[in-house]
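Hi everyone, thanks for making time this morning. Please have a look at the model on the screen, and then I'll walk you through it.

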Amino acid sequence: MPLRPETLRAAVAGSRANLSGRHETVNLSDLGRALDADLSGANVLLRTSDQLFAALALIELDGVAARIVICPPDVKLEHLSSVVERAAIAVVVSDDPALAVVGMRFEQPHLPKPGTPVAPSQKTEWVLFTSGTTGAPKMVAHTLEGLTGAIQPANASDIVWGTFYDIRRYGGLQILLRALLGQVSLILSDAHEDVADFLARLAPVTHLTGTPSHWRRALMSPANAKINPRYVRLSGEIADQAILDSLKARFPDAAIGHAYASTEAGVGFEVTDGLEGFPADFIGRPGAVEMKVVDGTLHIRSPRTASEYVGGAALLHDGWVDTTDMVEQRGDRFHFVGRTGGIINVGGLKINPEEVEAVINRHPGVRMSRVSGRKSPITGAIVIADVVLNDAANDNATFKDAILAACREKLPAFKVPAMLRFVAALELTAGGKLSRHA
Amino acid sequence: MSVETIVRAEFETVAREQDRILTGLSDETVLLESGLDSLCFAIIVARLEDQLGVDPFTASEDVYFPVTMGDFIKFYSDATAA
């Protein structure tokens, strides 16, 4: 099994692993054809309702299609025509005829049947959507080589991967590729499935990944008693000390790592010492991934970054990607403090919501929180917080005083939430990140 | 509870939370000399909006800012009566 395969199909040759969706499991050893058509040289829009069919189509089309645009489930219909036009799409591949695009060729994948695969004829461009939240989605171009650049050989054959992510986004796709290249099994998530049901399905998993918000939700579900991973990985949002400590307490024997990756910048690095942030000497160190801080914002240059925005502005500047993630050095460590677009401005003083959330989340009774700006006629905005407690039955008044006291101790007055509400739950985006526009 | 009582109570609460000492809250007290800063006023205005259902600063078409405590209370009394 080559670690740097020419195609995805070559990577799974000889595999005995399973790929499990919510309803079906496919054993990769008898993988024939999942798509009847020969789509050599075509630009394909992959728009499935089920993740398993997306994975099967990717194995089928890599090395065959000229370009695969992997559509996450939440791309709005109104943006579809612009996507089709910018990416010069010729064929839609979907397990659901309802997702066809009017006037465009449609091909439907099925569970694998015996058959000879289409011979590979080219390097396929993989196009992913960025996790931006408003307006027409941005698409970025990757290669299989870049996408698999951070993958190390599997160090055990009994690994079973599971992920809360959707494999049609960068974070989830990383796990799919990791499982396929490592020839180990993977259990896929399903957006329509109950957290408790999914956790039950994850019982065999040894390696489990998700965003900090996914993990907080899992820790709130009594069904988390069913899982016992030996490797726990977080990425996609800031992993604060509170969630790292909670996971360590719940899974004392597991290795816990938080990774930095983005659709544009690719996989940056992983931190495994159990502490939030990352060692300051990561900046400027030699290696495949170079990092620098410009005006408080992390920039990355590596062979794993995307090459360009498809039909959009330039992505790379001298090879560097501006991640728009803001970092701050405290002692010998850098901490993520928020995103350049997410700032709350209180009378000219700037606040990263994530910085305040980190303080709130440190309170032992708190499961998660969302800090946002509320319009104010006096100061432009004030800081407000929505907080989910571990146990909703707790005495809220006492908790509120304790949380605000902790904020006053750690933060200047203008960053302390002016109003704090307890809520039963906080909405997550389809990508598993805290929804900041709710 | 009257609008005046609610407004006065909110001034006291926010002053306590923000560690401010009120110099007095008579009708003649000039707001900017009351011991509260603009962050305190921003918080008071947001909380009164939630309690009384009005934000006269945003609702009012006049560019009018109350100067004294008496003005401030009248500002809210008028807005809730409207």
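**Two helices, then two chains**

Let me start with a helix pair: in chain B, helix 1 (residues 3–17) packs against helix 2 (residues 38–52) at an angle of about 140 degrees, with the axes 10 Å apart. Before I go on, this is a predicted model, where local features need pLDDT of at least 70, side-chain atom pairs count only at pLDDT 80 or more, and totals for chains, interfaces and linings use all residues. Residues are numbered from 1 along each chain as its sequence is written, while chains are lettered from A and ligands numbered from 1 in the order in which they are written.

Some terms: helices (H or I, at least four residues) and strands (E, at least two) are DSSP runs, numbered from the N terminus. Axes are lines fitted to C-alpha atoms, for helices over the stretch in contact, and angles run from 0 to 180 degrees between N-to-C directions.

How do helix 1 of chain B and helix 2 of chain B lie to each other? They are oblique, the class left over once under 35 degrees is roughly parallel, over 145 roughly antiparallel and 65 to 115 roughly perpendicular. Which residues make the contact? From helix 1 of chain B they include Ile6(B), Glu10(B) and Phe11(B), and from helix 2 of chain B they include Ile43(B), Arg47(B) and Leu48(B). Contact here means C-beta atoms, placed from the backbone, within 7 Å. The residues of this contact divide into 11 nonpolar, one polar and two charged. Ala, Val, Leu, Ile, Met, Phe, Trp, Tyr, Cys and Pro count as nonpolar, Asp, Glu, Lys and Arg as charged, and the others, Gly among them, as polar.

Stepping back, chain B has four helices and zero strands. Its radius of gyration is 12 Å, close to the 12 Å that the globule rule gives for 82 residues, so chain B is as compact as a globular protein of that length. That radius is taken over C-alpha atoms, and the rule is 2.2 Å times the number of residues to the power 0.38.

Now its partner. Chain A has 10 helices and 25 strands, and its C-alpha atoms fill a box of roughly 65 × 45 × 45 Å.

And where the chains meet? 12 residues of chain A are in contact with 12 residues of chain B. On the chain A side, they divide into eight nonpolar, three polar and one charged.

Key: Two residues are in contact if their C-beta atoms, placed from the backbone, lie within 7 Å.
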